[in-house]
Amino acid sequence: MKTLTFNIICSLLFGLERGKQRDQFLDSFQTMIKGMWSVPINLPLTRYNRSLRASAKIQNLLKEIVHKKKIEFEQNGESARQDLISCMLGMVDEDGKKVITDKEIIHNVSLVMVAGYDTSSVLITFIIRLLANEPDICTAVLQEQKEIAKSKPSGEALTWEDVSKMKYTWKVAMETLRMFPPVFGGFRKAATDIEYDGYLIPKEWQIFWVTSMTHMDNSIFPEPTKFEPSRFENQASVPPYCFIPFGGGTRICPGYEFARVETLVAIHYLVTRFSWKLDSDNFFSRDPMPVPTQGLLVQIWPRALS
Ligand code: HEM
């Protein structure tokens, strides 16, 4: 799933298609990510040291990609504006001066890769696990996706309209995000003194908000340990800032729609083409993303669409 989401981001956001350069990129990227959550002591042979070296390699690869895109952009102008890198290259102020430096483009691209790769892959992994464990939910998802598949000439790609019809499947994804949020929390700073539950949080203090505090609160989500996609039928019943897998406020995840589309499209092709059975237990640990303890071992068969 991680390779899948990595490839999707490479193709759609960076215009980096399958090939040697992308494989090299994936290798270095995985090494870099592993060291992001390690003790930051830079000694040879440590995870952290390998991660720093992989990160330098990635910066160089991205420099090459940005340089190539720059040439394409100068040659083809607006028509080269097909992906995130070329869009950033084309951003100019009213005097026609570039507003983002190459270094900023590289940093933005690295941020999007890190933020988008390990999150959607967790969501898709947990949906696959869940569909194997919950036959009724799996049948309902299959029914919805079969109807969409049948309404299209064979081989035609899914459209935005098709994705917007996947309402039940998205509720399943939301319920998965409620119970297994890929991001367990984040930082904010108190802009003013805040009184909460008899405690004072002084202005300027750093606060860590934790997703499961509201996701598993039974006054907001009754029977919170039960997997129940129908609880999202009436979304207005969920108070603001209580369902927060994508965060909230001005810094809410900008990849929300991207994640929604990639997850729904992946699930569409998986359920309409395959059925599967889990060959691993249902435990998971956090590294800090939730990871199935035994991996995602499945037996998988092609499915004939009736
Ligand atoms: C299921 C998938 C995803 C989940 C659960 C998720 C979750 C989050 C969360 C919780 C935050 C912090 C928001 C806050 O502080 O309020 C965040 C930030 C961010 N996400 Fe996502 N994300 C997902 C997918 C993606 C994808 C696919 C991309 C890009 C293609 C992306 C790009 C970003 C970026 C760039 C930020 C930083 C925004 C900022 O600091 O202003 N995310 N995400």
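Which of the 23 residues around the ligand come nearest? Select A115, G116, G247, C253 and G255 to see them. Keep in mind throughout that this is a predicted model.

**Stop 1: the shell around the ligand**

Helix α5 supplies the largest share, seven residues. Now colour the shell by residue class: 14 of its residues are nonpolar, eight are polar and one is charged.

**Stop 2: C253**

From the nearest residues, pick C253. The UniProt record, an unreviewed entry, places a "binding site" annotation on C253. In the chain, C253 sits in the loop that runs between α9 (211-215) and α10 (256-273).

**Stop 3**

Check its backbone torsions: phi of E223 is near 45 degrees, a positive value in a residue other than glycine. E223 has 9 other C-beta atoms within 10 Å and is therefore exposed.

**Stop 3: α6 against α10**

Follow the chain into α10 (256-273), then display helix α6, residues 135-150, with it. Two packed helices are described by the angle between their axes and the distance between the axes. For α6 and α10 the angle is about 95 degrees and the axes are 9 Å apart. Because angles from 65 to 115 degrees count as roughly perpendicular, α6 is described as roughly perpendicular to α10.

Which residues of α6 meet α10? On the α6 side, select V141, L142, Q145, K146, I148 and A149. Their counterparts in α10 are I267, H268, V271 and T272. By class, the residues of this contact divide into six nonpolar, three polar and one charged.

**Stop 4: two loops between strands**

Go to D197, in the loop between β2 (194-196) and β3 (199-201). D197 is not a glycine, yet its phi is positive, at about 55 degrees. With 4 other C-beta atoms within 10 Å, D197 is exposed.

Then move to P288, which lies in the loop between β6 (284-286) and β7 (290-292). What is the state of the peptide bond from D287 to P288, cis or trans? The bond is cis, with omega near 10 degrees.

**Stop 5: R22**

Finish in helix α2, residues 20-36, where R22 is found. R22 counts as partly exposed because it has 18 C-beta neighbours inside 10 Å. Leaving aside neighbours within four places in sequence, show C10, L16 and E17, with which R22 is in contact.

Technical notes:
Residues numbered from 1 in each chain as written. Predicted model: local features only at pLDDT ≥ 70, side-chain atom pairs only at ≥ 80, totals over all residues. UniProt positions renumbered as here; feature names shortened; annotations may be inferred. Helix = DSSP H or I, 4+ residues; strand = E, 2+ residues; numbered from the N terminus. Near = placed C-beta within 6 Å. Nonpolar A, V, L, I, M, F, W, Y, C, P; charged D, E, K, R; others polar. Axes fitted to C-alpha atoms, helices over the stretch in contact; angles between N-to-C directions. Parallel < 35°, antiparallel > 145°, perpendicular 65-115°, else oblique. Contact = placed C-beta atoms within 7 Å. Buried ≥ 20, exposed ≤ 12 C-beta atoms within 10 Å, placed from the backbone.
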